Amino acid sequence: MTKMVIKGGTVYDPLNGIDGEVMDIFIKDGKIVENLSDGELKDAKILDVKGKVVMPGGVDSHTHVAGPKVNTGRVMCPEDHYKSPLKKTHNTHCGSGEIVPSTYAQGYKYSSMGYTTLFEAAVPPMLARHTHEEFKVMPIVDKAGYLLLGSNWFVMKYLKEGNVEKAAAYVAWALETTKTFGIKLVNPAGVESWAWGKNVHSLEEENIHFGISSGEVIRGLGAVNEMLGLPMSIHLHANNLGHPGNWEFTIDTMDVAKNIKPAVNKQGYDNGVKTKYSHEREQSLYMTHMQFHSFGGTSWKDFESKAEDISNYVNKSDHVVMDSGSVAFGKAICMTGDGPGLYDLAVMNGQKWANVDVELECGSGVVPFVYSMKNKVHSVQWAMGIELLLLTDPRKVIMTTDNPNAGPFTKYPQLITWLMSKKAREDTMKLCHKWAGERSGLAGNDKELSLYDLATVTRATPAKAIGMGHRKGHLSPGADADITVYDISPDYNSSDYAAIEKAFTTALFTIKDGEVITKDGRIIETPKGRTYYVDAKFNDELRNEIVADVQDWFRRYYTVNFSNYPVPDLYLTKPTPLNINVR
Ligand SMILES: [Zn+2]
């Protein structure tokens, strides 16, 4: 395989404490190596990137790129597709879509921006097969999916019985069966009540039929997660998303996981990669799209940002990391497993709405949306999403738009300008409703993220938080040679934010597994990326018991046949299990 030297670039690699050092990066057989021998150097490809910025490949730890709700978003918005055709070239497929691009286009667009790893944040177990079918045709990027388990009948039943081991056996079986990566909770306990047109609004309120509360589900699945030693922590979309005044509830929710200790079991996949600062996950709770959970006020009339209080909590807590779910103005499509949450939005919006109940397992909703600068609430939400990223320790916050919920991933470059340039924020704020300045702390915040900070919130922190630090998010020898070169001077002028946006819209080079994949936005190679999943061996006896339960319920309640449920390896591109043995 190719040997390569990325020569003379200015490197930002936060997990190794490298902050703008001019250095060479050596690559061999798809991995980063310490150096190459004289013989190897003779036939190595030399990429001269003097004066350019070098970072590890981007890692999106919370995005929606594959599966039924993503496809529903495409179907609901044909106008997003016929207006944006992407032509076929000699080595790329045609495609379309700005807000939810088609599968091929997503792979091309993400990788031309310098992203090489995507984690789909919501996979319904029964529809995992569809998710993998879309993954399979998404070129270039490595990917994985989080399994929706927060209102799963088996999980709720076992946890209510107090049988955490049995819940763990079910989760281990479910992850391996659906070929997914970790535990996702969406409006825990509440989505089950939504099947009866209800919701839960507190951590103690018990849901219909199972009589289990959100607090019990969070604590229970948190315990399951660490009992199995999974690579990532539980990934939580809290209850009460998008409700004015939810910020205090969000803090109470984070408190629920305070005493859960992270216990990663890496024996089966530890490759011994070393970084200066630990690349092991340290949190027991990953809170997602926190902009939607930092709402102050008591109604839309006195709505305000509580981003500072949320950031303060996260800064002083060791057990939490979060992603921002920052708003970018313009069209978006809200899509989530939070059925009741999106019903509330649909009522307010009065436009198109799709709602799906996935038998015994979860639900979902899809609502096309427009964030307007002239809207009071949207303009505050915009400020909040930026505040979270400016006020929180970059080692505890991840830059996302919850693609495409608060805006499509193609808006990341614009979001970066708001983080790196005070002038960009000021110029946008002038166009916003005055609430943006009056009801948030953004106007008084002078902070500008550095390139090092940016590499932290888009590479180091997400890779570490999802338990992929053994191969992603840094440039240590042994890591995957996923590297991005940006055409921006390390001494950029933060006021010239148009130049910043341009640089992050199109990477000069995106390198994946040691191959140049894109150059100046042109797709050069279209390899297939890996699909990661967790294969946890836990307790064989309990496994047999839970499989018998599952088969029984399949006979009684499911409309699909049990034998059609597991996703076989042939549905995956480069299947890459993370083997865990906790027998
Ligand atoms: Zn999401």
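A residue is called buried here when its relative accessible area is under 20%, exposed when that area is over 50%, and partly exposed in between, with a 1.4 Å probe and with protein chains only taken into account. By that scale Trp 353, at a relative accessible area of 37%, is partly exposed. The structure is a predicted model, in which local features need pLDDT of at least 70 and side-chain atom pairs count only at pLDDT 80 or more, while totals for chains, interfaces and linings use all residues. Residues are numbered from 1 along each chain as its sequence is written, and side-chain values use heavy atoms, with hydrogens and water left out.

Trp 353 sits in the loop between helix H12 (339-349) and strand E16 (354-358), where helices (H or I, at least four residues) and strands (E, at least two) are DSSP runs numbered from the N terminus. Together with Tyr 343 and Val 347, Trp 353 makes a nonpolar surface patch of about 290 Å². Such patches consist of residues with over 30% relative accessible area and no salt bridge, nonpolar side chains (Val, Leu, Ile, Met, Phe, Trp, Tyr) being joined within 5 Å and like charges within 9 Å; the accessible areas come from the Shrake-Rupley method with a 1.4 Å probe.

The loop between H12 and E16 also holds Lys 352, which is 273 residues apart from Glu 79 in helix H3 (residues 79-82). The side chains of Glu 79 and Lys 352 meet in a salt bridge at 3.6 Å, N to O, a term that stands for a side-chain nitrogen of Lys or Arg within 4 Å of a carboxyl oxygen of Asp or Glu. Both ends are partly exposed, Glu 79 with a relative accessible area of 25% and Lys 352 with 37%.

Strand E16 belongs to an open sheet of three strands in the order E15-E17-E16, with antiparallel pairing, and two strands are taken to pair if DSSP finds at least two bridges between them. The edge strands, each pairing on one side only, are E15 (330-336) and E16. E15 and strand E17 (residues 362-371) are joined in the antiparallel sense over seven bridges, and Thr 336 has Gly 365 in E17 as its bridge partner.

Elsewhere, a zinc ion is coordinated by His 62 (NE2), His 64 (NE2) and Asp 402 (OD) at 2.0 to 2.1 Å, donors being N, O and S atoms within 2.8 Å of the metal (3.2 Å for Na, K and Ca); because water is not among the atoms, sites may look incomplete. His 62, in strand E6 (residues 58-63), and Asp 402, in the loop between strand E18 (397-398) and helix H14 (412-420), are 340 residues apart. His 62 is buried, with a relative accessible area of 0%, and Asp 402 is likewise buried, at 3%.

The structure holds 36 salt bridges. In one of them, Asp 43 and Lys 3 have their closest N and O atoms 3.7 Å apart; Asp 43 lies in the loop between helix H1 (38-42) and strand E4 (45-48) and Lys 3 in strand E1 (residues 3-13), so the pair ties together parts that are 40 residues apart in sequence. Asp 43 is exposed, with a relative accessible area of 54%. Another salt bridge joins Lys 422 to Glu 426, with the closest N and O atoms 2.7 Å apart, and these two residues are separated by about one helical turn because they are four residues apart in helix H15 (residues 422-431).
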